[in-house]
Amino acid sequence: MPDHQFDVAILGSGFAGVYAARSLRRQLGPEGAKRVALISDSNYMTFQPMLAEVCGSSLSPLHVVNPNRMFCRGVNVLCSTVTAVDLDARKLTLHAGDCIGTSEVQFKELVLALGSVVDLRRVPGMAEHGLPMKTVGDAIALRSSILDRLEEANLARGEDEMRRLLTFVVVGGGYSGVETAGQLMDLFQGVRRFYPGLEKAAPRVILIHSGPHLMPTIGEKLGAYSERKLRERGITVLLNSRVQAVTATRVFLTDGTSFESRTVVTTVGNAPHPLILDLCKKHNLPNDKGRLTVDATLRVPGRDGLWALGDCAAVPYVGGGLCPATAQFALRQGTLAGKNIAAVQKGKAPKPFTFKSQGELAAIGHQTAVAEIMGLRFSGFLAWLMWRAIYLNKLPGLDRKIRVLIDWVFDLFFPREISLLRTVPTKVLREMYLEKGDPLGRAGEPLSSLYIVKSGRIDLNDEHGLVRSVGPGDYFGEKALLTDRRWLFNATAAQPTQLIALDGQSFVDLAGASQGIHRFFEKTSRRFARREEVTRRIEELPAAFHTMTAREFMSSPVVSLREGMTMGEVAGLARQHPFSSYPLLDPQNRLLGVVEHGDLTEVFRNPGITHATKIEDSKIPCVPASAVHEETLLPEALEQFSRSGASKLLVLNEAGTVTGILTLLDVAVRSQAEHENSNRD
């Protein structure tokens, strides 16, 4: 039996979801709490149009959110994450929290109002270094980052460092991007006098937009007016521009230009909700680029009892095309959905969605706004007053209206709040995607992550060329994180590449908590020796060794494993020659890789392995071998030692057959002996 049963389950607490819940409550009366569930991973709805003022520190974040239990009074609010949807069984699986685990909900009607999610992986480095602007948590994090930069800039040692800290980049020229850029400049101008170190500094805000004019849905004329006003206030506006990549200190554009910045805000990157994509795939539901296709009554065709609205739905517009993903449409779709669901339950016909846009508004800062209402265009101070009046009226809850009004009045007479509260936890793991040629990091820049390559390849280069190429399953960055946290080399994607970025501080904490882990990463970090380190080691070689080859230093013959050997033969060989690793050869004596002694031990722990098992059937790990040619000069072999982090190299002839082994210890011992002989002479 399920844990809960409801007639209607509504997923999502954006405008569409909460207004659908309120509408149903009105239709159903006092029974709403027993019959309707509003399910969301947050227990509040966010008034999105005012988020920019939160990051600009003119509004309290608590004043732009409304608790679902208060706003949707009379509806059962379940604060949990939906992990699975079974449309056929009409059942939801929820993660209700760490204390009680999962919970199941049975439903008759399901309303999908999940909205969209942010996916920053399309721009290399944006997921790691970019700050999204979608939720109230994002706005709080952005505000904290801005104040952090002001505090750091106040202590900056030079103009270059201060300029980098005070350059703020906003990506996206829609409503959110324009309003955020305007609020950032308002914040700087309002609080600058409290930072004596910034008296001669000029904070720079750069707004990057891919289109020919800002806020395309509001019209070219008002978009051009917004651009002009932003430029007059000192904001740099770059049109027809796209970001190619973001690093810790620099933003790269597709036209080849770049500029330094430590704060990048992104208002783009919306993507379909993963749960919607999963449903479309499992049940072959009609969709438009990940948005569920619905009819005019907001029902999903071919699925009885399934409704979709808001940003996750492709709702037909009465004027043709699809309804835009804006608050005014989501709100009214939610209200109509509640009425239609109640009508269907009473055996009545649902009504179509016929709402037409009433206009658009955007505040661009400094008591200036632009508006297009009922075909009439407004700009300047009058539009700003209209913006405040209209959105204050739309803000849910009388108490919120009063609180916001008080904040606005205070903003006219008192400076903005600049207390810095660091409450947002750092994401430990991030996933990112790079196209071929995309930069990941530059030598000397701050490095803040350990990178693991899921697929593709990253080339690490210095001024002389390729240092090391890192492929699937390999990782890099540990050396910098264990030392000065600066990129040692330039890192560039050699092909389309997926990476996992592990937060640098979490890595350092982990390595510091275990000597074994610390030693392991210290050992692997030797693979990434700087050019000067390699050069110094080569210069320390006796002069006579510079013209000698690997064949003159190698030990031979080499104890090897071969395909076709039984595990009994392998065990006997390992007991007789207890080396740290063994080359593995194919029947033609070609090198396949290297088997570690420790892996041999682990394989013998497997109860399915017998002495008669062939080595190729044992699934023993075989790692790539570090090898050099017989004629490789010793300085080149020494560089190979440095680049691979290996303590020994296999020596191959022209046929690719292993003829010997060269160890770093042998080179060191012979070098010491040569130096001693030279000193005696």
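**Exercise 1: the largest cavity**

Task: find which residues line the largest cavity, and sort them by class.

Step 1. Leu 447, Leu 460, Phe 476, Gly 477, Lys 479, Ala 480, Trp 487, Leu 488, Phe 489 and Phe 528 line the largest cavity. A cavity here is a set of points, on a 1 Å grid over the protein atoms alone, where a 1.4 Å probe fits but cannot get out, and lining residues have an atom within 4 Å of a point.

Before going on, some ground rules. This is a predicted model, where local features need pLDDT of at least 70 and side-chain atom pairs count only at pLDDT 80 or more, while totals for chains, interfaces and linings use all residues. Residues are numbered from 1 along each chain as its sequence is written, and side-chain values use heavy atoms, with hydrogens and water left out.

Step 2. Sorted by class, that lining gives eight nonpolar residues, one polar and one charged. Nonpolar covers Ala, Val, Leu, Ile, Met, Phe, Trp, Tyr, Cys and Pro; charged covers Asp, Glu, Lys and Arg; the others, Gly among them, are polar.

Step 3. The space in this largest cavity is about 90 Å³, the volume being what is filled by probe spheres set on the points, with grid points joined across faces, edges and corners. The whole structure holds four cavities of 30 Å³ or more.

**Exercise 2: H12 against H13**

Task: work out how helix H12 (residues 381-394) and helix H13 (residues 398-413) are packed.

Step 1. Their axes come within 9 Å and cross at roughly 155°. Axes are lines fitted to C-alpha atoms, for helices over the stretch in contact, and angles run from 0 to 180 degrees between N-to-C directions. Helices (H or I, at least four residues) and strands (E, at least two) are DSSP runs, numbered from the N terminus.

Step 2. H12 and H13 are therefore roughly antiparallel; the cut-offs are under 35 degrees for roughly parallel, over 145 for roughly antiparallel, 65 to 115 for roughly perpendicular, and oblique for the rest.

Step 3. On the H12 side, Trp 387, Arg 388, Leu 392 and Asn 393 meet Lys 401, Val 404, Leu 405, Trp 408 and Asp 411 of H13; contact means heavy atoms within 4.5 Å. That set has five nonpolar, one polar and three charged residues.

**Exercise 3: H18 against H19**

Task: describe the packing of helix H18 (residues 567-576) and helix H19 (residues 597-604).

Step 1. The angle is about 135° and the axes lie 12 Å apart, so H18 and H19 are oblique to each other.

Step 2. H18 and H19 cross left-handed.

Step 3. Met 567, Val 570, Ala 571 and Ala 574 of H18 touch His 597, Leu 600, Val 603 and Phe 604 of H19. Seven of these are nonpolar, one is polar and none is charged.

Technical notes. 1 Å grid on protein atoms, 1.4 Å probe; cavity = no way out; pocket = protein on both sides within 12 Å on 5 of 7 lines; lining within 4 Å. Left-handed = near helix turned anticlockwise from the far one by under 90°.
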